[in-house]
Amino acid sequence: MNSSVKEARKANKLSSTKSAGQLVNEYWEMVFRAKQEGKLVCWYEGSAINPFLQCADIVWVHGEAYSALLAARHLEGPAQVAAEEHGYLKELCSYARTHLGCVVSNQRLKNDSDSDVVNWADDQSLATRLPAPDMIISAYAYCSTGQQWDEITARLFGKKIPIFNVSIPLIWGGKPDAGYLRGKEWEETSRYLERQLYAMVEFIEQQTKKKFEWDRLREMMGYVKRASELRLEAMDICATRPAPASFFDWIVSIAPINNLPIGPHLVDLFQSIKDEVQQRVTDGEGAIHNERYRLYFDGIMNWNKVGWLAEKFARYDATVICGRYTHLAFWQEPGLIDPQNPVLGMAQNYLVCPINLSAPFLIEKTVGFCRKYELDGMVIHSSRTCRAFTNPQFLLADAVTEQVGIPTTMFEGDVTDESFYKDELLNSRVETMLEAIDARRVSGTLPASTVRMPLVQRSVEAPIVVHR
Amino acid sequence: MSKEILDTFRRVASDPMGSVKAWKQASGQKVVGSFPMNFPGELVHAAGALPVLLQEADDPITVGHGVIYPFYCGYTRSVVDQATKGDFEILDAIMFGDHCVQLLGAADAVRIKAPQKPVVFYQLISSMNDPWTHGRARESFVGLKAELEEQFGQIDAKALHASIRLFNRNRKLIRRLYDLRRTGRISISARDMQAIVKSSMVMDKATHTAQLESLVSALEAAGPVPDRRHVRVHLSGHFCQAPKPEILDLIESCGATVVGDDLFHGFRYISTDVHEEGDPLDALAHWYMARNTGVPCPTRVQNDVDWDGFLLKAVSEEKAQGMVVLMAKFCEPHMYYYPEVKHAFERHGIPHLLVETEHEGIPMEGLKTRLETFLEIVRRREAAMA
């Protein structure tokens, strides 16, 4: 018997998030059945426009979510091979590369005119089950790659699929009146995006040939608003010590808030998550068993490695509490949503996603999180093919070191291409950072707010072996 | 005479910032640096300043790698490196107007690493055939004009019209050179064509245009050098940054004659004129949209325009026998569209060669072998079909 199997897991995951996995499975089965049930299918990337689609009885496929699903289940390989065989280079966004690989395969299977993709098991692969789109809506904030990905998708389908582009400008904040959620630029950009969303609804009406049901959207956005409030309240509770939930708990509950069907069950889910988090505080139970370090995670998720990373950090007695990807995304400004008149607030939430804010805003937010959660260090995931996330990382690292006085470290990986992940580099760099935190505690140079835990030997002496 | 003029253009192209410094010292005028590729230099010129397209430097990237990752395109890394080293001190402002995710990162880095330098931001819409594209583009140019006026004073319509006419004249002259080269009436190397275009991005436009007038006349009078039966090729790709001249030299020394291109430091830059009548901001918005139908750009999205179709047509009109694709490593727009081009050329039986370039340089001996093999394939294919 492998000795690593005997070791108890150190990551103490929330049990209430388990139902999220069930919701994910049910959602994808709904997607896979769409054609048989005569439903229209819309592909989109980026912004969470799914409430509009659900209201119109259109089945929605979020490209990143599908690539992430494949990666999380370690089924991304054949799609990525198919994409590379078609001519997409490995340095291209791996979300897009994986998704485009599904398109290439879809077209090959449909046309039956090309040779099989290497290692492709047609009857078994999840990637082959993705239904082709009847329409594409591109609404990608900040990242030019997203818009081009949608355009290329339409071209791979022979330009026969109607496509609608929503342009989402960056919030640059260059004027004296500019601030987070304020200033002339903010107001004008919000209204510009709102107008496009109304035009998008007209496009949806053209595709469905029926009137859009605004009352349904109002009802749904009421659920989204409440679920988001509960999610953020639960996150706020994690400022306590030990933190009752970790960044990885918020990672596994992204799908429900971002792209799964909306309804009262969404509110129930996040109510149960909040209740469990609150109960843990009452019980003094942490997200890991011996919290000695409290960390921030900057960067997009490494979807091949969610469980792996959760366990790895737990074994370092480090709770990753907060992150840009989880805490600055996914309807994170519910106060802007007026369920009776939701479109402007939806537009504004699309605008403040964690890549569409320019560096000064991100610095302000990140420094604020480090202080609020009393963090000891920052881990930066340098995701090789996601430049949208890596763009400000050196600037963020400098700012956090200068303004908060905590150390940072980086590791190489990728959003869905496992070949870019460097485990040994992560080990050595995280260990070095934790040593630095220890040394600063001894010397008293760490900010006072972060020196609370007794200095004891870290419990990570044996090599970490985690089976996925 | 043409040698003297070309020497000037070559000198400017090889040291753009040095040339800008010299110009500023001599003229005492302001200089505005701009990110590529859709910057209306006419607005800056009408404001009485020198518009300069910021170029990838030849220097190795050093301190810039403390601000941006090595897996970014050479242009982005070089601009950040230059800003971090203080090489942009000579500039009075920097303009930024693109949506490329890497360039957006560079804009933030430049703003933070050069805090005293005004960074004027105007993000052009990149979806090119929406009902609101023209209006939004015009709004961006209105905002840009207003910001320039904050820095440099009022820009009146008369001055802007004059700048548009001057820039159009400059573009027309360079297009004339392209036409003469394509039809075999002059001989001009790919390196020199790049120097002509690149110097136009940097030099005072009136000076450059005056010299171009003389150069075009002199080259027309001189006529072509005898045809050495080289393979006629089209050069494609390389958007924001200029391909290294050494690569262009190598392509030609292996037995190719470059008869056309769609490089940004080439035909893409001078492809489209601005309407000289009517509202100039309206005209600039039209120019922005027309550029993408004239020479489609993978950095924009436009479902009714095909870059691969444009390239097939260009190759046919140029009587090119093959195409060399120059792709700057890590350039995502190019990575997206390359398979479209690849499959279209394969369907039409036109040979092409993909060359991935890097800021740090690429092994030239290996490239030489690939180019020689490619050109040999072209020759044999043509011989077999004859």
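Arg138(B) and Asp279(B) form a salt bridge, with 2.6 Å between the closest N and O atoms; the term means a side-chain nitrogen of Lys or Arg within 4 Å of a carboxyl oxygen of Asp or Glu. Arg138(B) sits in helix H6 (residues 133-152) of chain B and Asp279(B) in the loop between helix H11 (267-270) and helix H12 (280-294), so the pair ties together parts that are 141 residues apart in sequence. Helices (H or I, at least four residues) and strands (E, at least two) are DSSP runs, numbered from the N terminus.

Here is how to read the values. This is a predicted model, in which local features need pLDDT of at least 70 and side-chain atom pairs count only at pLDDT 80 or more, while totals for chains, interfaces and linings use all residues. Residues are numbered from 1 along each chain as its sequence is written, chains are lettered from A and ligands numbered from 1 in the order in which they are written, and side-chain values use heavy atoms, with hydrogens and water left out.

**Salt bridges**

Over all chains, the count of salt bridges comes to 67.

| Pair | N to O distance |
|---|---|
| Arg138(B) and Asp279(B) | 2.6 Å |
| Glu360(B) and Arg77(B) | 2.7 Å |
| Lys329(B) and Glu356(B) | 3.8 Å |

What does the pair of Glu360(B) and Arg77(B) tie together? Glu360(B) lies in the loop between strand E8 (352-357) and helix H15 (364-385), and Arg77(B) in helix H4 (residues 74-85), so the link joins parts of chain B that are 283 residues apart in sequence. Arg77(B) is buried, with a relative accessible area of 4%, whereas Glu360(B) is partly exposed at 48%. Buried means under 20% relative accessible area, exposed over 50%, and partly exposed in between (1.4 Å probe, protein chains only). Back in the opening pair, Arg138(B) is partly exposed at 27%, and Asp279(B) is partly exposed at 33%.

In the pair of Lys329(B) and Glu356(B), Lys329(B) belongs to the loop between strand E7 (322-328) and helix H14 (332-347), and Glu356(B) to strand E8, so parts 27 residues apart in sequence are tied together. Glu356(B) is partly exposed, at 28% relative accessibility. Salt bridges also link Glu42(B), Arg171(B), Lys172(B), Arg175(B) and Asp273(B) in a network.

**An open sheet in chain B**

Strand E8 leads us to a sheet. In chain B, 4 strands form an open sheet in the order E6-E5-E7-E8, with parallel pairing; two strands pair if DSSP finds at least two bridges between them. Strand E6 (256-261) and E8 of chain B stand at the edges, each with a single partner strand, so one side of each is left without a neighbour in the sheet. From one strand to the next, the twist averages 30°. Such angles run from 0 to 180 degrees between N-to-C directions, with axes fitted to C-alpha atoms, for helices over the stretch in contact.

E7(B) and E8(B) run parallel and are joined by 6 bridges. One bridge partner in E8(B) is Thr357(B), which pairs with Ala328(B).

Helices pack on this sheet too. Helix H10 (residues 245-253) of chain B touches strand E5 (231-237), E6, E7 and E8, and its direction makes about 160° with that of E7(B); contact means heavy atoms within 4.5 Å. H14(B) lies across E5, E7 and E8 of chain B, at about 170° to E7(B).

**Chain A as a whole**

Chain A has 19 helices and 8 strands. Of its 468 residues, 63% count as buried.
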